[in-house]
Each structure stands twice: as structure tokens, then as C-alpha cells.
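The points are grouped by topic.

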Amino acid sequence: MKDLNSQGLGYASGPSMNHPAVTADVDQLREMLEQHYSSYYLRIIKSHPHGARYRLLHRGKIALYTASYGAEIRTGTSESFNFYVIMPLRGAGEVTLNGRVVTAPISLIGPQQKIDMRWSLDHEVMLMQIPSALMQETLEAYLGDPPKKRLRFEPGVDATSALGHALRMLSSVGTVGTLPFAASKPAEHHFEQFLLHTLLSSQSHNYSHELGEPSASWTPSALRRATRYCEDHAGEPICLGDIAAAARVSVRTLQLGFREHLQTTPMAYLRSVRLAHAHADLVRIAETGSQTTVTDVALRWGFTHLGRFAALYRQTYGRPPSSTRQGHR
């Protein structure tokens, strides 16, 4: 049997790529999973002649894969260590978390939850695995401060919600071919950010009230939320309203806050962040001998007017961007 753990059943890591399906005997799959998860159990009710199947769709900071145990089974664990989203693709099943049956079509499992699942003989499920630390880090970006309590989601996901729509799109595309973002690391990053932010914004959890209630006044936390948002989304076409929404203040309050505390405007701050990223890229190109052009770098970071980009770059770094790209000091 192939080592399924190296294919991504453990912690998500490594580059995004399209993998062929891996076939295994259900007893071998059970042995591997029980070795990897000490509290895991798998009881086979009836075996399927086609055996177990597993296919990795994506592995970055988040892992996405489909699995079929090749049997009618009862499976679970006494403690989950990561966040998992489980979406049935075919067959029938039932998910119970901490003794409560999840009646929604998609299940969301969090850390320290007792899981018990039953799946029919012909089942196949799509699973999305998110490290707990990554989920907490994303929440902190919203709050502006480290969360004081563990994040806990409602376990049932509505198929008509934003997250449900995203997962159905992934299941329809990913199970038949390569996911569209697989060839690009920036696209992979934005895809994962999209999933994380969609999960936090569309699925009910114990921080929903805090995230949904705008702050009326400027605070240090609002500044941290705004600057963190600019850093995390510098490569995206964001606007003033996006930054204000991330900071959870009005546009006017955002502008006044930046002027008072940073002596600049929000968009000028964003532009400086983008320029720093462009500079770092040009230095890296000079060191590696990459064929990437100044135009490519400028467009990557949202500078569509190349003359203005060159002037701003010279004003900030004392030389034209082409000089940095060529490694001249």
C-alpha cells in the first residue's frame, strides 16, 4: 500500500498539486489511521470489493482531499486536533459530535470534539483540513488581539451559505480535474485566504457577535486590524472601504485614525506596503537571475501606471527599479 500519510492525511504542508487516486485495502487504511491518530477507531460493517480510495486535491497550509473507505463503516476519534469540514459526495452517512447528531448536509468538526460517524457502503466524502493554529491566526487578524477563548463553530454548515457554495464548487471541479489555482503560489494563497475568511464570516461561531458589530471609535486594535489587512491583502485590488470594514470602523474614522497615529492616509499606507513588496521582489530577482521583468513586478503589486511606479520607487529607494533588478548598487 502507498503511504497515505505522506499524501496528506496528516498535517497540511507542501506544495499544491493534482494527485491521482490511491487505492488501498480498508484494513490497511484502518491500520495506518490508527497509528497516526492514537484515539482513532474504524469498525468495518461490510466491505466493498473495490477497496478504499483516497485522492489529494490540494495540500498547502490547508489540505483538501476526497476519501472512500471502501466499506460500510463506523469510525471516529475521542479527540480532534484540527478543524475538519466533511461534505458527503455520494452515499449516505451520519456525523455525531459530542453525542449530538449533525443534521446539516455538511459537518464542521473542531478541536477536542468526540466524533462518531457512520457511512454507507457506497460513500465518498470530501474533507478540508485546517490546522487549528491557522484558524486562530485568522481570527486574531479580525479581532486585532489574540483570542482569549478557543474558537468554536456551529457544527452544521448550510449548503446554501457562502461556505456551502464554495465547497460545492470545489467538489464539482476538483473531483474531475486540477483545481484552477494549482499552478500559481499567489493564487493558492488567495484561495486559502478565501476559504478561511469565508468560514469565519459565513459560519456561526462563538466570536460571531464580536466580528459582526462595528466599532464606533478609533482604537489601537482598529489600527492593528487595518494595517494587518493591508499586509495580508497587498496583492489584491482592495479599496478604502475594504480596509475600513476590516478595521470595523467607518471610512471617516479610518482616515482620521491613520492621519493622527501614522501621519498618512490608509491608501498611502497600502501603497507603501505594496512598494516594499515590489522592492523585495526586485532584490530577489537580482540575486537569483530570474527573467521576471519590472513590469511583471509592478503589475503583481497593483501598480498599473509604470511611470508613476518608477517615480515613486526612485523617490523611496533613491534609484530606478530597473537598477535594483539588475543588481546595481
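Leu97 stands opposite Ile115 in strand 10. This pairing belongs to a predicted model, and it sits within the contact between strand 7 (residues 93-97) and strand 10 (residues 115-119), two antiparallel strands joined by five bridges.

**Strand 11 and its partners**

- Strand 11 (residues 124-130) has seven residues, and six of them are buried, so this strand is largely enclosed by the rest of the structure.
- Strand 4 (residues 63-68) pairs with strand 11 in the antiparallel sense, over five bridges.
- Within that pairing, Tyr65 is placed opposite Leu127 of strand 11.
- Strand 6 (residues 83-90) also runs antiparallel to strand 11, and seven bridges join the two.
- Phe83 has Ile130 as its bridge partner in strand 11.

- The buried residues in helix 2 are Ser132, Leu134, Met135, Thr138, Leu139, Ala141 and Leu143.
- His165 lies in helix 3 (residues 162-174).
- The relative accessibility of His165 is 42%, so His165 counts as partly exposed.
- When neighbours within four places in sequence are left aside, His165 is in contact with Ala159 and Thr160.

**Helix 11 and its surroundings**

- Helix 11 (residues 306-317) comprises 12 residues and reaches 16 Å from its first C-alpha to its last, close to the 16 Å expected at 1.5 Å a residue.
- Phe309, Leu312 and Tyr313 are buried in helix 11.
- Viewed down the axis of helix 11, the buried residues fall within an arc of 100°, so they line one face of the helix.
- These buried residues pack against helix 9 (266-288), helix 10 (294-300) and helix 12 (321-325).

**Aromatic pairs**

- Seven aromatic pairs are found in a search of the whole structure.
- One of these pairs is formed by Phe258 and Tyr269, with an edge-to-face arrangement: the distance is 5.7 Å centre to centre, and the angle between the planes is 65°.
- This pair links distant parts of the chain, since Phe258 is in helix 8 (residues 251-262) and Tyr269 is in helix 9, 11 residues apart.
- Phe258 has 0% relative accessibility and therefore counts as buried.
- Phe303 and Phe309 form a tilted aromatic pair, at 4.9 Å centre to centre and with 45° between the planes.
- Both Phe303 and Phe309 are buried.
- One aromatic cluster consists of Phe303, Phe309, Tyr313 and Tyr317.
- Two members of this cluster, Phe309 and Tyr313, are also among the buried residues of helix 11.

**Positive phi in residues other than glycine**

- Most residues other than glycine have a negative phi.
- Asn98, a residue other than glycine, has a positive phi, near 50°.
- Asn98 is located in the loop between strand 7 and strand 8.
- Gln263 likewise has a positive phi in a residue other than glycine, with a value near 55°.
- The loop between helix 8 and helix 9 contains Gln263.
- Gln263 has a relative accessibility of 63%, so Gln263 counts as exposed.

Definitions and conventions
Residues numbered from 1 in each chain as written. Predicted model: local features only at pLDDT ≥ 70, side-chain atom pairs only at ≥ 80, totals over all residues. Heavy atoms only, no water. Helix = DSSP H or I, 4+ residues; strand = E, 2+ residues; numbered from the N terminus. Expected span 1.5 Å × (residues − 1). Buried < 20%, exposed > 50% of the residue type's maximum accessible area, 1.4 Å probe, protein only. Arc of directions from axis to C-beta. Contact = heavy atoms within 4.5 Å. Pairing = 2+ DSSP bridges. Phe/Tyr/Trp six-rings, centres within 6.5 Å; stacked < 30°, edge-to-face > 60°.
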